[in-house]
Amino acid sequence: MPLAARAELESLLRARKLDLTLTSAALWADPDRSRDIAPTGIAALDAALGGGLARGHLSEIVGPRSSGRTTVLCRMLAAAADRGEAVALIDACDRFDPASAEAAGVDLSKLLWVRDTGDASRALKAMNLVLLAGGFGVVAFDVADVHAMALRQFPYTTWMRVARVIEGGQTAAVIVAAERLARSPGGVTIALDLPPEVPRARWSGTSDRARFLRAIDVQTRVVGGR
């Protein structure tokens, strides 16, 4: 292909944000090419992720209750809103607390909150509609309180279709779940857990009747990050 024609083609692909969806020689020839990323706003986590979550990919935040899933999610939404991006949360079980999120720094004026009462299939349809609408920097799908059996009933192609919708775009999609569920090849799993032999809770106080919970220690692992 003549150089001028190739340059024009690559320019058109970049304009339509399709250049990263192709396994072109130019992409593989430049291993240091910076990814289009969405920082989470948590310095240590962003360092492990290589700067943040990859846009145009599906990632996940997983862990048991009280492991910090909501804290990580709120920091992520707050960081995106601080960059001037619109964000969306599809809340499958109506567990989101706007007051707590606002106290954590989330700009609620930039948040689209879609609430459901436990119907995972209906919530998934809502997520697809939001992703197809576009224009969001971060879209989160919180199914942490959905029964695992209901999630397993989704066809295995479900998450492939979700990943395809945002491929090459500017949206970073995130699933929040109790256990690993799905991610695209360019996405990551942020696993929040702790080895069972390590005490999780830290307390303060001089007696059993006057003790206060100071913190819960959680170990964070990034699976699939580059």
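## Strands that pair

Two strands are said to pair if DSSP finds at least two bridges between them. In this predicted model, strand E6 (residues 136–142) and strand E7 (residues 172–177) pair in the parallel sense over five bridges, and within this pairing Phe 141 has Ile 175 of E7 as its bridge partner.

Strand E6 also runs parallel to strand E4 (residues 86–91), to which six bridges join it, with Leu 89 standing opposite Ala 140 in E6. E6 is mostly covered, since seven of its seven residues are buried.

## Salt bridges between separate parts of the chain

The count of salt bridges comes to ten. One of them joins Arg 55 and Asp 36, whose closest N and O atoms are 3.7 Å apart; because Arg 55 lies in the loop between strand E2 (53–54) and strand E3 (58–62), and Asp 36 in the loop between helix H2 (25–29) and strand E1 (37–38), the pair ties together parts that are 19 residues apart in sequence. Arg 55 counts as buried at 11% relative accessibility, whereas Asp 36, with a relative accessible area of 31%, is partly exposed. Both residues belong to a network of salt bridges that also links Arg 83 and Glu 85.

Arg 95 is exposed, with a relative accessible area of 52%, but Asp 145 counts as partly exposed at 27% relative accessibility.

Note on methods:
Residues are numbered from 1 along each chain as its sequence is written. This is a predicted model: local features need pLDDT of at least 70, side-chain atom pairs count only at pLDDT 80 or more; totals for chains, interfaces and linings use all residues. Side-chain values use heavy atoms; hydrogens and water are left out. Buried means under 20% relative accessible area, exposed over 50%, partly exposed in between (1.4 Å probe, protein chains only). Helices (H or I, at least four residues) and strands (E, at least two) are DSSP runs, numbered from the N terminus. A salt bridge is a side-chain nitrogen of Lys or Arg within 4 Å of a carboxyl oxygen of Asp or Glu.
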